Amino acid sequence: MTRVGAIDSVWRYPAKSMMGDCFSSVPVGEGGVVGDRGWAVRDEKRGGIRGAKKIGGLMRLHARYVEEPQPGGSPPPIEVTAPDGQRVRSDDDDVHTRLSRFLDHPVTLWPLQPKEDLDHYRRGAPDTDDVGAEMRAMFGRDPGEPLPTFEGIPLDVLVEYESPPGTYFDAFPVHVVTDRSLATLAALAPDSEFDVRRFRPNVVVAVEPGVDGEFPEQSWIGQRLDVGDAELEVTAACPRCVMVTRDLAELPADRQVLRTIVRHADQNIGVYANVVRRGTLQTGAAVTLS
């Protein structure tokens with residue numbers, strides 16, 4: 001066992017692509033942080049569950065649970081706050097109409113559905129029949145920039161479905177980022193703001209000074225990570241997309257954020273993980289590698 005750092009912060013996002021909150025501790029189980037991505041919007045124009053790769057305004061909305069979610073339970077109602085301070089609850093009669101107005105796009109709001117409901121998770125219609133152009137738009141790539149390799153990502157599932165059925169995750173239930181990766185990016189592009197909220201991690205690790213690497217979590221892929229009393233299996237790098245360039249809260253839109261990642265970080269910031277042993281993610285807890 002090698003200590004690599006400590007938990008700096010833990011995050012939960014009640015709704016896919018909406019802003020969430022930082023907590024001092026959260027329970028984590030096989031399905032990730034309890035209550036994480038319990039809700040998502042469905043695109044009523046092109047079909048399919050959608051995130052901010054397609055509907056950028058989602059990242060300007062903030063979601064919170066009106067009561068704490070419980071392990072193994074259905075997601076409780078959420079309250080969504082728009083940039084102008086207007087609020088709507090998921091159980092309000094006019095929630096779909098108001099969210100559609102906030103986003104200037106027809107949507108409906110859905111809690112997680114059973115994984116057997118494959119049609120619910122099936123991808124909606126693309127914006128163009130040009131697959132390359134569609135991918136470049138979603139991943140925000142400029143001409144001449146490479147698309148991600150998606151090594152370790154379950155493409156056989158994600159080509160057909162927006163997320164692994166039964167979840168609203170992009171690929172895996174837990175996302176880990178180190179403070180050093182964000183600091184490295186900030187040093188490379190000091191005019192940009194590499195705020196952690198752009199990257200939507202569940203766990204931010206403050207790495208030990210003796211840990212090697214400008215983006216140290218990339219060397220953890222294929223290994224086990226003890227985070228407090230929980231254990232994670234690090235599965236794949238997280239390829240970054242157009243979402244990190246979106247404006248949210250007081251942060252402006254900034255395409256240079258993604259340009260820096262593509263040019264200097266091999267397109268990836270952070271890593272995905274599965275949960276091997278459930279437990280509690282708590283700030284200050286040791287993070288060890290095995």
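Student: Which residue in β10 does Ala40 stand opposite?

Tutor: Ala40 faces Trp110 in β10. Before we go on, this is a predicted model, where local features need pLDDT of at least 70, side-chain atom pairs count only at pLDDT 80 or more, and totals for chains, interfaces and linings use all residues. Residues are numbered from 1 along each chain as its sequence is written, and side-chain values use heavy atoms, with hydrogens and water left out.

Student: What makes β5 and β10 a strand pair?

Tutor: Strands here are DSSP runs of E with at least two residues, while helices are runs of H or I with at least four, both numbered from the N terminus. Two strands pair if DSSP finds at least two bridges between them. β5 (residues 39-43) is joined to β10 by 5 bridges, running antiparallel, so the pair meets the rule of at least two.

Student: Why are β6 and β10 called edge strands?

Tutor: The sheet is open, with 3 strands in the order β6-β5-β10 and antiparallel pairing. β6 (49-50) and β10 (107-111) each have a single partner strand, so one side of each has no neighbour in the sheet.

Student: What does Ala189 touch, leaving out residues up to four places away in sequence?

Tutor: Phe194 and Thr260, where contact means heavy atoms within 4.5 Å. Along the chain, Ala189 and Arg259 are 70 residues apart, and their C-alpha atoms are separated by 9.6 Å.

Student: Which residues of α1 are buried?

Tutor: In α1 (residues 95-103) they are Val95, Arg98, Leu99, Ser100 and Leu103. Their cover includes β8 (78-81), β9 (87-89) and β10. After α1 comes Asp104, with a positive phi near 55 degrees.

Student: How do you know that Glu44 and Arg42 form a salt bridge?

Tutor: A salt bridge is a side-chain nitrogen of Lys or Arg within 4 Å of a carboxyl oxygen of Asp or Glu. The N to O distance for Glu44 and Arg42 is 3.8 Å, so the pair falls within the 4 Å limit. Glu44 has a relative accessible area of 41% and is therefore partly exposed; Arg42, with 22%, is partly exposed as well.

Student: What does the pair of Glu250 and Arg197 tie together?

Tutor: Their side chains meet in a salt bridge at 2.5 Å, N to O. Glu250 is in the loop between β14 and α6 (255-264) and Arg197 in the loop between α5 and β12, so the pair ties together parts that are 53 residues apart in sequence. Glu250 is exposed, at 56%, whereas Arg197 is partly exposed, at 25%.

Student: How many salt bridges does the rule give?

Tutor: The count is 25. There is also a network of salt bridges linking Arg46, Lys54, Asp127 and Glu134.

Student: Last topic, the pockets. What makes a space a pocket and not a cavity?

Tutor: On a 1 Å grid over the protein atoms alone, a cavity is a set of points where a 1.4 Å probe fits but cannot get out, whereas a pocket is an open set with protein on both sides within 12 Å along at least five of seven lines. Lining residues have an atom within 4 Å of a point.

Student: Which residues lie nearest the centre of the largest pocket?

Tutor: Lys53, Arg123, Met138, Phe139 and Glu162, out of 43 lining residues. α3 supplies the largest share of that lining, 5 residues.

Terms used
Buried means under 20% relative accessible area, exposed over 50%, partly exposed in between (1.4 Å probe, protein chains only).
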